[in-house]
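Dear colleague,

Please find the structure below, handed over for your own work.

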Amino acid sequence: MDISCAFATSSNTPAHVALAEALQYQRAWLYDSPALYPDVWMILTRCAERTSRIGIGPGVLVPSLRHPMVNAAAIAELEDLAPGRVAVAIGSGYTGRMALGQRAMPWRRVAEYVRCLRTLLDGETAEWDGAKIKMLQLPGFGARRPISVPVLIGADGPKGLAVAAELGDGVFSAAVPQPDAAQVSDWRALLCFGTVLDEGEELTSPRAVDAAGPGAVVIYHALYERGGAAAVDAVPGGQNWRELVEAYPEDERHFAIHEGHLVKANPSDEPHVADVIPFATSMALTGTAAELAEKIAGLAAQGITEIVYQPAGSDIERELTVFAAAAGL
């Protein structure tokens with residue numbers, strides 16, 4: 001079992017990735033959601049310059065945000081800066097699109113994009129938007145082609161897993177293990193949220209709420225976006241949360257839903273954090289150090305090969321350090 005970390009990309013992320021390397025995390029994944037965070041490639045470049053061992057990469061790229069040549073050129077430069085350390089995850093888009101008022105991409109288009117990107121990185125001629133394209137960078141302008149970096153597919157359902165089976169080197173899932181992923185790949189990464197509780201600390205202590213709240217309230221966001229009112233109303237505090245969100249104009253509602261995503265509970269979330277944290281704890285890596293060790297062992301038994309822990313709250317350094325100890329790093 002690899003123990004990695006993920007970050008809601010920020011200007012402070014390079015320092016956090018340097019700490020993660022010192023703590024022996026295997027890999028650091030950075031979110032790609034430009035309406036919420038700074039440009040992922042700019043921050044990854046800074047991470048590469050501050051580290052020497054830890055794996056780094058975007059998790060997950062959203063194809064509609066950039067032409068495939070743009071991502072190919074970025075991958076080439078990052079691989080040149082951090083040879084052998086780069087991995088890339090690609091998905092259909094959650095906040096990367098929904099924070100822009102768009103739905104997730106069709107998986108057919110994601111597959112077309114991954115095929116094109118792989119062809120470009122191989123140094124071959126691809127076709128996109130009806131035109132032939134090829135990486136023409138001369139030596140000194142990125143890694144020499146062919147460029148071999150692992151590509152994971154951000155899949156949480158059968159269509160995504162089918163793309164992963166055809167085109168991916170692994171599966172990158174969020175929060176909930178995908179049992180069928182075991183039939184797709186030997187590399188099964190799972191994005192996890194939560195916090196390590198101090199002995200005797202309550203789930204709803206101010207520190208725990210600060211650290212675990214951003215991951216817990218995403219349950220509201222995801223259920224509402226994917227299942228509508230009925231889905232979110234079934235969760236503790238969900239109906240009241242929805243009523244706050246639906247007070248916003250429909251064409252601006254995505255702002256109210258996704259502001260502060262995985263960083264800080266937003267104004268719609270704040271009244272309900274204490275309601276949802278106990279509910280979310282069963283799916284999160286929240287608990288004492290001993291309880292977390294049991295949860296991690298349980299995920300390994302389900303076929304997860306890489307835990308990807310995202311620290312949140314006002315003390316990222318504490319979260320990274322205490323989780324590393326609990327995970328046995």
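Although Gln-24 is not a glycine, its phi is positive, at about 80°. This residue belongs to the loop between helix H1 (13-22) and strand E2 (27-30); helices (H or I, at least four residues) and strands (E, at least two) are DSSP runs, numbered from the N terminus.

The model is a predicted one, in which local features need pLDDT of at least 70 and side-chain atom pairs count only at pLDDT 80 or more, while totals for chains, interfaces and linings use all residues. Residues are numbered from 1 along each chain as its sequence is written, and side-chain values use heavy atoms, with hydrogens and water left out.

Further backbone features

Asp-129 also has a positive phi, of about 55°, and is not a glycine. It is found in the loop between strand E5 (126-128) and E6, and with a relative accessibility of 67% it counts as exposed. Two cis peptide bonds may be of interest to you. One joins Gly-59 to Val-60, with omega about 5°, and Val-60 is in the loop between strand E3 (55-58) and helix H3 (68-81). Another joins Arg-145 to Pro-146, with omega about 5°; Pro-146 lies in the loop between strand E6 (131-133) and strand E7 (151-154).

Domains

UniProt, in an unreviewed entry, lists residues 12-305 as "domain: Luciferase-like"; its positions are given in the numbering used here, feature names are shortened, and annotations may be inferred rather than shown by experiment. The domain assignment gives domain 1 (2-196 + 287-327) and domain 2 (206-281), with bounds that come from an automatic or database assignment. The centres of the two domains, taken over C-alpha atoms, are 24 Å apart. Their contact (heavy atoms within 4.5 Å) takes 23 residues from domain 1 and 21 residues from domain 2. About 1,600 Å² is buried between the domains, 55% of it from carbon and sulfur atoms; buried area is the accessible area (1.4 Å probe) that two parts lose on being put together, summed over both.

Aromatic rings

A search of the whole structure finds six aromatic pairs. Rings of Phe, Tyr and Trp (its six-membered ring) pair if their centres lie within 6.5 Å; planes under 30 degrees apart count as stacked, over 60 as edge-to-face and the rest as tilted. Tyr-224 and Trp-241 form an edge-to-face pair, 5.6 Å centre to centre with 75° between the planes. Tyr-224 is in helix H8 (residues 218-233) and Trp-241 in helix H9 (residues 238-245), 17 residues apart. Tyr-224 is buried at 14% relative accessibility, and Trp-241 is buried at 0%. The pair of Tyr-309 and Phe-323 is stacked, because the ring centres are 3.9 Å apart and the planes are at 10°. Tyr-309 is in strand E10 (residues 306-309) and Phe-323 in helix H13 (residues 316-326). Ring pairs also link Tyr-220, Tyr-224 and Trp-241 into a cluster.

Phe-323 is among the residues in contact with Ile-3, leaving aside neighbours within four places in sequence. Ile-3 is found in strand E1 (residues 2-7) and is buried, at 6% relative accessibility.

With kind regards

Key. Buried means under 20% relative accessible area, exposed over 50%, partly exposed in between (1.4 Å probe, protein chains only).
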